[in-house]
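Reader: I'd like to go through this one label by label. Tell me what each term rests on before you use it, please.

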Amino acid sequence: MTGDRRRADAERNIEAIVDAAVGCFSEQPDASMTAIAKAAGVSRVTLYAHFPSREDLVARALDRAVSGAAEVLDAESLDEGPAAEALSRLVRSGWRVLAGYRNLMTAASAVLSPRQVRAYHKVVLQRVEKLIARGCEEGAFRTDLPQKWLVSVFYSVIHLAADEIAAGRLKPKDAADVVEATVLSTVRRA
């Protein structure tokens with residue numbers, strides 16, 4: 001019974017640490033491990049017992065955030081309506097989620113390779129890929145470029161918008177419109 005209790009305590013601590021990491025990194029990408037431990041209500045020793053490195057913790061926080069984004073996108077019923085309209089809904093929902101995690105992405109980019117960061121987005125990008133394929137089948141989206149390229153454009157533009165906001169070159173209130181216009185103009189059939 002003691003072993004079960006320890007495992008349950010460990011799981012609660014892990015969840016508290018990941019929740020705190022998502023919150024702390026979303027507010028401040030260079031949040032310290034000490035600040036995260038404090039926010040989670042655990043000691044630094046406990047935090048490091050579960051996440052031996054900043055990279056491990058950032059990766060877990062990013063995984064949590066992307067999983068949450070996938071849930072938000074699932075609520076958009078992307079299989080309904082014309083593909084272009086569904087893509088607009090996807091861009092706007094995706095942008096709202098990413099805007100909330102912009103600093104977490106900065107934290108992730110500081111300790112993970114671009115390939116690793118993109119791999120965490122696989123669950124979301126599969127939805128984008130499916131939607132672009134549907135738009136191509138409907139004749140609404142261009143077929144002269146590879147579908148995977150169009151998915152990459154979506155991914156790049158939405159993340160570039162976050163970078164542009166951070167640099168002060170794009171107003172947050174304009175971002176969803178700019179991203180939507182850019183992505184749709186790229187994928188739509190001429």
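Author: Let's start with what an element is here: helices are DSSP runs of H or I with at least four residues, numbered from the N terminus. Keep in mind that this is a predicted model. With that numbering, helix 9 gives the largest share of the lining of the largest pocket, 5 residues.

Reader: And what makes a residue part of the lining of the largest pocket?

Author: A lining residue has an atom within 4 Å of a pocket point. For the largest pocket, 14 residues pass, and those closest to its centre are Met-105, Ser-109, Val-117, His-159 and Asp-163. Helix 6, helix 7 (114-120) and helix 9 each give two or more residues to that lining. The volume of this pocket is about 280 Å³.

Reader: How do the residues of that lining divide by type?

Author: Into 7 nonpolar, 4 polar and 3 charged.

Reader: What about the second largest pocket: which residues line it?

Author: Arg-118, Ala-119, Lys-122, Leu-125, Gln-126, Glu-129, Lys-148 and Val-151 do. Helix 7, helix 8 and helix 9 are the elements giving two or more of them, and helix 8 has the largest share with 4 residues. By type there are 3 nonpolar, 1 polar and 4 charged, around a space of about 170 Å³.

Reader: Why is Glu-180 called buried?

Author: The cut-off for buried is under 20% relative accessible area. Glu-180 has 16%, so Glu-180 counts as buried. This residue is found in helix 10, and beyond its neighbours within four places in sequence, Glu-180 is in contact with Ser-88, Val-91 and Arg-92.

Reader: Why does Ser-26 count as buried?

Author: Ser-26 has a relative accessible area of 18%, and the limit is under 20%, so the label is buried. Ser-26 lies in helix 1. Leaving aside neighbours within four places in sequence, its contacts are Ala-21, Gly-100, Tyr-101, Asn-103 and Leu-104.

Reader: How do you know that the span of helix 8 is close to what's expected?

Author: The expected span is 1.5 Å times one less than the number of residues. Helix 8 has 17 residues, which gives an expected 24 Å, and from its first C-alpha to its last helix 8 reaches 24 Å, so the span is close to expectation. After helix 8 comes Gly-139, with a positive phi near 85 degrees.

Reader: Which parts cover the buried residues of helix 8?

Author: The cover includes helix 4, helix 5, helix 7, helix 9 and helix 10. Among the buried residues of helix 8 are Val-124, Leu-125, Val-128 and Leu-131.

Reader: Last one: what makes a set of residues a nonpolar core?

Author: Its members are buried nonpolar residues joined through side-chain atoms within 4.5 Å. The largest such core has 66 residues, and Phe-25, Ile-36, Leu-57, Leu-87 and Trp-95 touch the most other members. Elements giving two or more residues to the core include helix 1 (2-27), helix 5 (83-100) and helix 10 (172-187). As for Trp-95, its contacts beyond four places in sequence include Ile-158, Ala-162, Pro-172 and Val-179.

Methods. Residues are numbered from 1 along each chain as its sequence is written. This is a predicted model: local features need pLDDT of at least 70, side-chain atom pairs count only at pLDDT 80 or more; totals for chains, interfaces and linings use all residues. Side-chain values use heavy atoms; hydrogens and water are left out. Buried means under 20% relative accessible area, exposed over 50%, partly exposed in between (1.4 Å probe, protein chains only). Contact means heavy atoms within 4.5 Å. On a 1 Å grid over the protein atoms alone, a cavity is a set of points where a 1.4 Å probe fits but cannot get out, and a pocket is an open set with protein on both sides within 12 Å along at least five of seven lines; lining residues have an atom within 4 Å of a point. Grid points are joined across faces, edges and corners, and a volume is the space filled by probe spheres set on the points. Ala, Val, Leu, Ile, Met, Phe, Trp, Tyr, Cys and Pro count as nonpolar, Asp, Glu, Lys and Arg as charged, and the others, Gly among them, as polar.
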